[in-house]
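I opened my notebook to look up a few things in this structure. Here is what I worked from.

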Amino acid sequence: MSRLCALVLAALCLAATVASASSVVKIRIDDTIQPVSEEYISRAIEMARKSHAEAVLIELRTPGGLVDSTRTIVEKMLASPVPVIVYVAPSGARAASAGFYILEAADVAAMAPGTNTGAAHPVTIGGEKMDEVMKQKLENDSAAFMRSFVGPRGRNVALAEAGVRESKSWTDKEALEQHLIDYVASSQEDLFRQMQGKPIKRFDGKTETLDLVGAQVIEMTMTLKQRILDFLVDPNIAFLVLAIGALALYAEFNHPGAVVPGVVGVVFILLALFALNLLPTRYAAFTLILAAFVMFALEAKFATHGILGVAGIALMTIGGLLLVDGPIPEMRVKLWTALSVSIPLGAITVFLMTIALRARRNKIVTGQQGMVGSIGEARTDIDPEGKVFVQGELWNARATSRVSMGEHVVVKKIEGLELEVEKVG
């Protein structure tokens, strides 16, 4: 009997172990869609594949992002060997523009109560007005991209296309009623319960049934590199880092040998350029920023009572606003950021330049050149040569007119170790 009990207990432990073996890899996207988001999602899918997880859960909240990154993310999701669940959460969140594509590309699309999605009409970088032909081509391409995966997922193709062509948006209830999503769930546990025992259709046509109730949820965070890059690819942060780097280099040029400003400047500019390389950057805007520094230098040199300084601030502000051509406002430098960087930077630069110019204009007071203009005393008659006492030392001197011993002289020139002097007055 004791052996039988032991066997039953072992079987129960084994069953519990098997039941708890299922796992879900979870990540949170609470940002714009850009290359860092793309790398983060790709890494989650790869981790789920290697660990034999049941699914990947993407908790999504985004205003949109870059088309290229969105297409790459959708490609990874469609090719994923592990089912991908996209859950727009928490309440009050949205999956707009690029987020709508990612939501519709998921094996399971779900939203929390009080969320919305849609508004996926394509826009040009920077939001410039397009001619009709280009607008139609871009719309058709984006609509075809949406149809390519919404249809196989068994969702409402016509309505999803309307989200692209007409920028339509839907609440969670509207999206569920019109078959754009599969579930509305108040939490991930609620979502797993609703999914229990229900088949899902994979993009390759296969059907799977997920058993995620009680599954271990492994939350995967960004790596340190991804966190740093995610912070830097904010256009406002990238512009601020670039401005600080430029100011530090400017300080190094005005005070050669200080070293620290030069090192800080190079590091910050390299970080800014690396971040801007991941964003749709207008490098012509760098010309405006460089011109702003020229204006600051001219203001310090010619003292135009602030006219050139204001012009420099205006150029730097415009350069900052045009620096990143994001398709949505969240991926552009904000006006308040451009102003809050440009005005202090302009004031500091003019101040540093003024100090440097004043230092260069000041009379040299050290070395032999510092003796020019000094007053001394003739210790012998000078006719035309003699001795003078200047700055605590006795010098050979030459004068163009006779100087009597004891008279005061002023140094006019230094030739080797002989001074050319004149009688004072």
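Is Glu139 buried or exposed? I looked it up: Glu139 is buried, because its relative accessible area is 13%. Buried means under 20% relative accessible area, exposed means over 50%, and partly exposed lies in between (1.4 Å probe, protein chains only).

**Ground rules.** I noted that this is a predicted model, where local features need pLDDT of at least 70, side-chain atom pairs count only at pLDDT 80 or more, and totals for chains, interfaces and linings use all residues. Residues are numbered from 1 along each chain as its sequence is written, and side-chain values use heavy atoms, with hydrogens and water left out.

**Salt bridges.** Side chains of opposite charge can pair when their charged atoms come close. I used this cut-off: a side-chain nitrogen of Lys or Arg within 4 Å of a carboxyl oxygen of Asp or Glu. My search of the whole structure found 24 salt bridges.

I started with the partner of Glu139. Arg165 forms a salt bridge with Glu139, and their closest N and O atoms are 4.0 Å apart. Arg165 lies in helix α6 (residues 157-165) and Glu139 in helix α5 (residues 132-150), so the pair ties together parts that are 26 residues apart in sequence. Helices (H or I, at least four residues) and strands (E, at least two) are DSSP runs, numbered from the N terminus. Arg165 is partly exposed, at 30% relative accessible area.

Next I checked Arg147 and Glu161. Their side chains meet in a salt bridge of 3.1 Å, N to O. Arg147 is in helix α5 and Glu161 in helix α6, 14 residues apart. Arg147 is partly exposed at 36%, whereas Glu161 is buried at 17%.

Then I turned to loops. Asp381 forms a salt bridge with Arg402, with the closest N and O atoms 3.3 Å apart. Asp381 sits in the loop between β12 (375-378) and β13 (385-390), and Arg402 in the loop between β14 (393-399) and β15, so the pair ties together parts 21 residues apart in sequence. Asp381 is partly exposed at 37%. Arg402 is partly exposed at 41%.

I also found a network of salt bridges that links Lys26, Arg28, Glu59 and Glu219.

**Gln188.** What joins the side chains of Gln188 and Lys26? I found a polar contact of 2.8 Å. A polar contact is a pair of N or O atoms within 3.5 Å; within protein, one must be able to donate a hydrogen and the other to accept it, and residues adjacent in sequence count only if both atoms are side-chain atoms. Gln188 is in helix α8 (residues 188-195) and is buried at 13% relative accessibility.

**Val410.** I placed Val410 in strand β15 (residues 408-415). Val410 is buried, at 14% relative accessibility. The C-alpha atoms of Val410 and Gly376 are 6.2 Å apart, though 34 residues separate them along the chain.

**Core.** A nonpolar core is a set of buried Ala, Val, Leu, Ile, Met, Phe, Trp, Tyr and Cys residues joined through side-chain atoms within 4.5 Å. In the largest one, of 83 residues, Met77, Val86 and Phe149 touch the most other members. Helix α10 (residues 235-254) gives the largest share of this core, 8 residues. I noted a second, separate core of 18 residues, with Ala185, Phe192, Met195 and Ile200 among them.
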